[in-house]
Amino acid sequence: MRRSVDCPFSTQPDVVPPIWAGRHDEVNDWVDIVRPRRVDGLPERPRLILAEAGLGKSTLVGYITENAKERGDLVTGQLRIPLGADPLAILASALLDLSGEIGFSKADTKIGNLLARVTSISAKGVSVAMREQETPEAFAALRELMIRIGEAAAHRKDTVVLIHLDEVQNITDPAVLSQLLIILGDVTSKKIGVTTASNMVIERYLPIAVYLTGLPDFWDMASARRGATFGRRFDRRVLSPLSDEDLEMALQSFVLDGWPVPDEQGGTMRIGMEPAARDAILDLCQGEPFLFQLAGYHAWYAGDSEVITRAQVLRGWQTAKREARDHVERILERLPEKEAQMIQAMATLAPEERALKNIASEMGYSNSTQVASFAKRLDATRGLINRGANYSFRHRALEAHLVRDWPELSEDY
Ligand SMILES: Nc1ncnc2c1ncn2[C@@H]1O[C@H](COP(=O)(O)OP(=O)(O)O)[C@@H](O)[C@H]1O
Ligand SMILES: [Mg+2]
């Protein structure tokens, strides 16, 4: 039986779904580079992972966090910053949790004082009225506690502190953002002296890894505040949609062996998937992680046979498509006017006619240099298009929506 509790597809934000696809480069970056280098006391920049909504930023770092937990690392988990919230209070509270996990003793006066200062920040935040006086002091306390936590991790064997701040574009107070970036940069580039087995004192970096995730607009906010140095202190990656190969791989065991679920006799049975059903899911979701889960989720509920059929995927999509359309339209609506115009102009032109010169003229400009900056933002900052002799869409669902009748099912289905 296909019960809801066994559905392997998840449209829940911020939960790592049972069916995981792709993101090999980003996961390997953690496993092969960030973590081992930080464990060994080597420098490695904080990671900044940006993309439009639904591309799997939060989930990716959630996946990395699970990996870190399995290795016994000290993790903050996802610290989501809601709009209008005080990021200092959120960070403070997470650092106190880590302090508890490490077992810092309040009996040690220095640590006791520090914990008391941070506790007050986590409870009250930094008041708007007192910002000028309080902010530097609050940041100093957070920075100091982070360093203490990093030192404690360095004394353990093979342990990293993993800090994940999500929805960073919601840190709208420029002074807070600026200070926060400074201390995160500081603690990840701070060196401490440690004594080696042969009694030599050497310098090492603290084993602290930082991941910031959020919408692409964060890049502008942060660069405006921090200027050129900010760009170099963080390693920025803009996520692209998943490839069909990655999605096919993710569904392979479903198709080959079936997904195990409890049967009515207390045993296990398997729910399979027709290859044609898989192909339909790939075609409908256009590489969007969110739409991939959405299509699978609705297919699961579209019937109760032992094998998910193509017909069930299409039936499920009839329910899913409104949400799919809303999702893509929201991305378009959030774009600044000129960038939205450029996307529309690209969609109007046939794929082989999408040279910048033609796009500019479609937008009503006589010269392509007048629109080059919008193109650069859509490519490098937002990851929605690819520039080149001929421009193309990187966000395939956006293209499908603008160029075809997606998410409607066309005649050939
Ligand atoms: N690598 C992945 N493989 C499969 N599904 C994914 C993957 N990454 C994200 N998802 C799914 O996509 C949806 C959106 O992911 P989320 O991390 O919330 O996106 P974002 O934070 O970028 O808005 C969630 O339902 C999640 O389960
Ligand atoms: Mg998210």
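This is a predicted model: local features need pLDDT of at least 70, side-chain atom pairs count only at pLDDT 80 or more; totals for chains, interfaces and linings use all residues.
Let's begin with ligand 1. It is surrounded by 21 residues, and the closest are Ala21, Lys57, Ser58, Thr59 and Gln293. Some of the surroundings reach the ligand through polar atoms. The side chain of Lys57 places an N or O atom 2.7 Å from an oxygen atom of ligand 1. The backbone takes part too: an N or O atom in the backbone of Gly54 is 2.8 Å from an oxygen atom of the ligand, and a polar backbone atom of Ser10 is 3.0 Å from an oxygen atom of ligand 1.

Now find two helices, α8 (residues 244-256) and α9 (residues 275-285). Their axes are 10 Å apart, and the helices pack at an angle of about 150°. Angles over 145 degrees count as roughly antiparallel, so that is the word for how α8 and α9 run relative to each other. Their crossing is right-handed. On the α8 side, the contact is made by Asp244, Leu247, Glu248, Leu251, Gln252 and Val255, which meet Pro275, Arg278, Ile281, Leu282 and Cys285 of α9. Sorted by type, the residues of this contact are seven nonpolar, one polar and three charged.

Finally, look at the backbone itself. Most peptide bonds are trans, and most residues other than glycine have a negative phi. Arg23, in the segment before α1 (24-39), has a positive phi, near 60°, although it is not a glycine. You will find Pro407 in the segment after α15 (396-403).

Note on methods. Residues are numbered from 1 along each chain as its sequence is written. Chains are lettered from A and ligands numbered from 1 in the order in which they are written. Side-chain values use heavy atoms; hydrogens and water are left out. Axes are lines fitted to C-alpha atoms, for helices over the stretch in contact, and angles run from 0 to 180 degrees between N-to-C directions. Helices (H or I, at least four residues) and strands (E, at least two) are DSSP runs, numbered from the N terminus. Angles under 35 degrees count as roughly parallel, over 145 as roughly antiparallel, 65 to 115 as roughly perpendicular and the rest as oblique. A crossing is left-handed if the near helix is turned anticlockwise from the far one by less than a right angle, and right-handed if clockwise. Contact means heavy atoms within 4.5 Å. Ala, Val, Leu, Ile, Met, Phe, Trp, Tyr, Cys and Pro count as nonpolar, Asp, Glu, Lys and Arg as charged, and the others, Gly among them, as polar. A residue is near a molecule or strand if one of its heavy atoms lies within 4 Å of it. A polar contact is a pair of N or O atoms within 3.5 Å; within protein, one must be able to donate a hydrogen and the other to accept it, and residues adjacent in sequence count only if both atoms are side-chain atoms.
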